[in-house]
Structures are given as C-alpha cells and as structure tokens.
Amino acid sequence: MLTLTRKVGQKIRIGDQIEIVVREIRGRQVRLGISAPQGLPVYREELYQQIAQEGANPKEPGEEDAAAGTPEPADE
C-alpha cells in the first residue's frame with residue numbers, strides 16, 4: 001500500500017483518468033473529491049462490502065448513494 005501525505009488542494013493521480021483532490025480537512029475527517037470516467041463506479045468501502053455481501057448488482061452510473069450526500073460542484 002502506498003501512503004501519501006497531502007494538503008488541502010493537493011491532488012493524487014491514478015493513471016490518466018482518475019484524480020483525487022483533498023477538499024477539506026476538519027480534525028480527524030478528510031473530504032476528498034474524485035474525478036473518474038463516467039462509466040467507472042466509485043464506492044465508499046462500506047457500501048462496496050454491502051453490495052458484495054448481498055450479491056446485488058451495483059447501482060448504474062449516475063445513481064446517487066443517498067448516504068454519501070450530494071456531490072459538490074467542480075471548482076475547475
């Protein structure tokens with residue numbers, strides 16, 4: 001596992017199409033913004049595990065995870 005230290009506004013790139021930016025740090029909580037291709041599902045770990053345990057099909061791209069909250073508009 002790669003461990004990185006980043007400050008607010010700094011980014012991490014995964015390949016050519018995935019970008020993770022540190023949006024905010026409050027105490028022990030970090031808010032991340034993730035830009036990925038539209039067809040690539042992005043899940044919180046606990047939701048991914050729930051889907052895997054239930055054997056259910058993941059949500060279609062564009063369906064929101066209500067527990068994750070509404071996405072913030074891009075600054076760019």
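**Before selecting anything**

This is a predicted model, in which local features need pLDDT of at least 70 and side-chain atom pairs count only at pLDDT 80 or more, while totals for chains, interfaces and linings use all residues. Residues are numbered from 1 along each chain as its sequence is written, and side-chain values use heavy atoms, with hydrogens and water left out.

**Stop 1: the whole chain**

Colour by secondary structure. The chain holds one helix and three strands, in the order β-β-β-α from the N terminus. Helices (H or I, at least four residues) and strands (E, at least two) are DSSP runs, numbered from the N terminus.

Of the 76 residues, 11% count as buried. Buried means under 20% relative accessible area, exposed over 50%, and partly exposed in between (1.4 Å probe, protein chains only).

**Stop 2**

**Stop 2: strands 1 and 2**

Four bridges join strand 1 to strand 2. I14 has I18 as its bridge partner in strand 2, and I12 stands opposite I20. Three residues lie between the strands of this hairpin, and G15 takes a positive phi near 65 degrees.

**Stop 3: strands 2 and 3**

Strand 2 (residues 18-26) and strand 3 are joined by seven bridges. Pick V21 and G33, which are bridge partners, then I25, which stands opposite V30. The hairpin has two residues between its strands, and G27 in the turn has a positive phi of about 60 degrees.

**Stop 4: I12 and I20**

Is I12 buried or partly exposed? At 24% relative accessibility, I12 counts as partly exposed. Leaving out residues up to four places away in sequence, I12 touches L4, R6, I18, E19 and I20; contact means heavy atoms within 4.5 Å. The C-alpha atoms of I12 and I34 are 9.5 Å apart, with 22 residues of separation along the chain.

Now select I20, in strand 2. Neighbours within four places aside, I20 is in contact with Q10, K11, I12, I14, L32, G33 and I34. The C-alpha atoms of I20 and L32 lie 6.6 Å apart, for twelve residues in sequence.

**Stop 5: the nonpolar patch**

Select V8, I25, V30, L32, I34, L40 and V42. Together they form a nonpolar surface patch with about 600 Å² of accessible area. Strand 3 supplies its largest share, three residues, while V8 lies in the segment before strand 1. Patches are made of residues with over 30% relative accessible area and no salt bridge, like charges being joined within 9 Å and nonpolar side chains (Val, Leu, Ile, Met, Phe, Trp, Tyr) within 5 Å. A salt bridge is a side-chain nitrogen of Lys or Arg within 4 Å of a carboxyl oxygen of Asp or Glu.

How values were computed. Two strands pair if DSSP finds at least two bridges between them. Accessible areas come from the Shrake-Rupley method with a 1.4 Å probe; for residues, only the protein chains shown count as cover.
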